[in-house]
Amino acid sequence: MKKLLCLFGLTFCTLLYSQERDQFVKWGSSLNYTFSLQKELENSINPGIFCDVALGENDVHDSAPIYFGITLDYSIRSKNEVNSISAGSNIKKFISPRNTKTSVYLVAGGKITFLKIYERYLSDYSLNAGIGLSINSFLEINSFYSYGLTNSYLNSDREFVKAQTLSFGIKFFFQKKWWY
């Protein structure tokens with residue numbers, strides 16, 4: 001619980017800091033639909049918030065080639081009594097041929113998920129990799145593959161297994177400002 005509160009605090013401080021440096025920080029909300037690649041586990045809808053901080057040079061609005069991102073998601077499942085909150089970090093690298101930024105990017109990172117399965121609390125660590133497309137300055141779509149590193153999910157045989165998922169999502173950015 002302490003780790004989760006620290007993550008909420010870090011996200012909140014990053015969002016406050018972004019008000020002063022909005023050319024380097026983008027934040028918003030996301031919505032993902034996650035397919036389980038194991039038939040025993042069920043699919044989920046994941047609303048969340050995120051913050052992307054530019055790590056590279058940002059001469060013109062939104063021109064940085066690489067971003068560090070923080071995400072916080074809540075998982076909604078229909079059948080099973082499994083609730084989860086996940087927090088992650090990733091690196092987002094825009095594909096830049098000949099020093100020009102395109103709208104396609106690659107993402108890699110990890111996340112920790114806190115689960116409540118019936119009356120039992122568990123945590124799962126997973127690695128993520130994906131690809132995305134920036135449609136305009138306030139909308140992106142993406143796809144992720146996630147591989148769980150711990151046996152934290154209950155299957156139909158009441159055994160704990162590692163999760164392997166494929167997610168498709170959309171991201172909405174809250175800020176559309178520029179200094180000039």
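Visitor: Which residues form a nonpolar patch on the surface?
Guide: Leu31, Tyr33, Phe35, Ile45, Tyr74, Ile76 and Phe168 form the patch, with about 610 Å² of accessible area together. Patch residues have over 30% relative accessible area and no salt bridge; like charges are joined within 9 Å, nonpolar side chains (Val, Leu, Ile, Met, Phe, Trp, Tyr) within 5 Å. A salt bridge is a Lys or Arg side-chain nitrogen within 4 Å of a carboxyl oxygen of Asp or Glu. Areas come from the Shrake-Rupley method with a 1.4 Å probe; for residues, only the protein chains shown count as cover.

Visitor: What sort of model is this?
Guide: This is a predicted model: local features need pLDDT of at least 70, side-chain atom pairs count only at pLDDT 80 or more, and totals for chains, interfaces and linings use all residues. Residues are numbered from 1 along each chain as its sequence is written, and side-chain values use heavy atoms, leaving out hydrogens and water.

Visitor: Which strand gives the most to the patch?
Guide: Strand E1, residues 25–36, with 3 residues. Strands (E, at least two residues) and helices (H or I, at least four) are DSSP runs, numbered from the N terminus.

Visitor: Where is Tyr33, and why does it count as partly exposed?
Guide: Tyr33 is in strand E1. Tyr33 counts as partly exposed because its relative accessibility is 34%. Buried means under 20%, exposed over 50%, and partly exposed in between (1.4 Å probe, protein chains only).

Visitor: And Ser30, buried or exposed?
Guide: Ser30 is also found in strand E1. Its relative accessibility is 11%, so Ser30 counts as buried.

Visitor: What does Ser30 touch?
Guide: Leaving aside residues up to four places away in sequence, Ser30 touches Asn46, Pro47, Gly48, Ile49, Phe50, Asp73, Ile170 and Lys171. Contact means heavy atoms within 4.5 Å.

Visitor: How do E1 and E2 pair?
Guide: They pair in the antiparallel sense over 10 bridges, with E2 covering residues 44–54. Strands pair if DSSP finds at least two bridges between them. Val25 has Val53 in E2 as its bridge partner.

Visitor: Which residue in E3 partners Val53?
Guide: Phe68. E2 and E3 (residues 66–75) run antiparallel, joined by 7 bridges.

Visitor: New topic. How many helices and strands are in the protein chain?
Guide: The chain has 1 helix and 10 strands. From the N terminus, the order is α-β-β-β-β-β-β-β-β-β-β.

Visitor: How much of the protein chain is buried?
Guide: Of its 180 residues, 42% count as buried.
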